[in-house]
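Here is a short report on one protein chain. Keep the sequence and the coordinates open while reading.

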Amino acid sequence: MSGDVAKDSAQGPSRSSDQPPAPLSRYESQKRRDWNTFGQYLKNQRPPVPISQCNCNHVLDFLRYLDQFGKTKVHVHGCVFFGQPDPPAPCTCPVRQAWGSLDALIGRLRAAYEEHGGSQENNPFGNGAIRVFLREVKDCQAKARGIPYKKKKKKKIQIKPNVNEEANSSSKQQPALLSSN
């Protein structure tokens, strides 16, 4: 009997080590890829910047750097298509990262920073300057496309107590089916 216990305990750890780790979710994969990309960006700076010395200015520079890989056409003020959501012809206006993509990226990087040991108070991705930058990008892209982003007001829902709830439920009866016999 003690031999069976020893045999089971010996097989226990080997079973768990033989199993590959569960695959990461799409969000976790993106977060890891974004974190690695940002880390590589910091390493490529002259001089290289350690993540512990990273600040909101490095983050803003990174977001501007990413614009060159964007796919969203942002019309400039002098463009004849400025303010039109669906321009009828191509133009030479630059492409940029879409506001929603940048917003999601910052959210993932903010979470990754804290997962890698950074404190919430010193998180460069949560800095107010980043929020201001994102708001400006959103407004600029909205104006260029002629689509105003307006914050929706929350509707107030009032629940009125129903005193006669039992009386109403008992008085409601199903109508009898009439037979044609």
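## Overall make-up

Of the 181 residues in the chain, 24% are buried. The model is a predicted one. It holds 6 helices and 2 strands. Along the sequence, these elements follow the order α-α-α-β-β-α-α-α.

Contacts can also be sorted by sequence separation. Among those between residues at least 6 apart in the chain, 60% join residues at least 24 apart.

## Helix α5: length and ends

Helix α5 covers residues 128-145. It has 18 residues, and at 1.5 Å a residue it should span 26 Å.

At the start of α5, Asn127 places a side-chain oxygen within 2.8 Å of the backbone nitrogen of Ala129. Just after α5 comes Gly146, with a positive phi of about 75°.

Which residues of α5 are buried? They are Ile130, Phe133, Leu134, Val137, Gln141, Ala142 and Ala144. Viewed down the axis of α5, these buried residues fall within an arc of 165°, so they line one face of the helix.

The cover over the buried residues of α5 includes α3 (56-66), β2 (95-96) and α4 (99-115). The face turned away from the buried side carries Glu136 and Lys143, which are exposed.

## Aromatic pairs

How many aromatic pairs are there? The count comes to 8. One of them joins Phe38 and Phe62. Their ring centres are 5.1 Å apart, with 80° between the planes, and the pair is edge-to-face. Phe38 lies in helix α2 (residues 26-43) and Phe62 in helix α3, so this pair ties together parts that are 24 residues apart in sequence. Buried means under 20% relative accessible area. Phe38, at 0% relative accessibility, therefore counts as buried. Phe62, at 1%, counts as buried too.

Tyr113 and Phe125 form another edge-to-face pair. Here the distance is 6.1 Å centre to centre, and the angle between the planes is 65°. Tyr113 lies in helix α4, while Phe125 lies in the loop between α4 and α5, so the pair ties together parts 12 residues apart in sequence. Both residues of this pair, Tyr113 and Phe125, are buried.

Trp99 has a charge contact with its ring. Lys138 lies over the face of Trp99, at 5.1 Å from the ring centre.

Asp34 lies in helix α2. Is Asp34 buried or exposed? Its relative accessible area is 13%. The cut-off for buried is under 20%, so Asp34 is buried.

What does Asp34 touch, leaving aside residues up to four places away in sequence? It touches Leu105, Arg108 and Leu109.

Conventions:
Residues numbered from 1 in each chain as written. Predicted model: local features only at pLDDT ≥ 70, side-chain atom pairs only at ≥ 80, totals over all residues. Heavy atoms only, no water. Helix = DSSP H or I, 4+ residues; strand = E, 2+ residues; numbered from the N terminus. Expected span 1.5 Å × (residues − 1). Buried < 20%, exposed > 50% of the residue type's maximum accessible area, 1.4 Å probe, protein only. Arc of directions from axis to C-beta. Contact = heavy atoms within 4.5 Å. Polar contact = N/O pair within 3.5 Å; in protein donor to acceptor, adjacent residues only side chain to side chain. Phe/Tyr/Trp six-rings, centres within 6.5 Å; stacked < 30°, edge-to-face > 60°. Lys NZ or Arg CZ within 6 Å of the ring centre and 35° of its normal.
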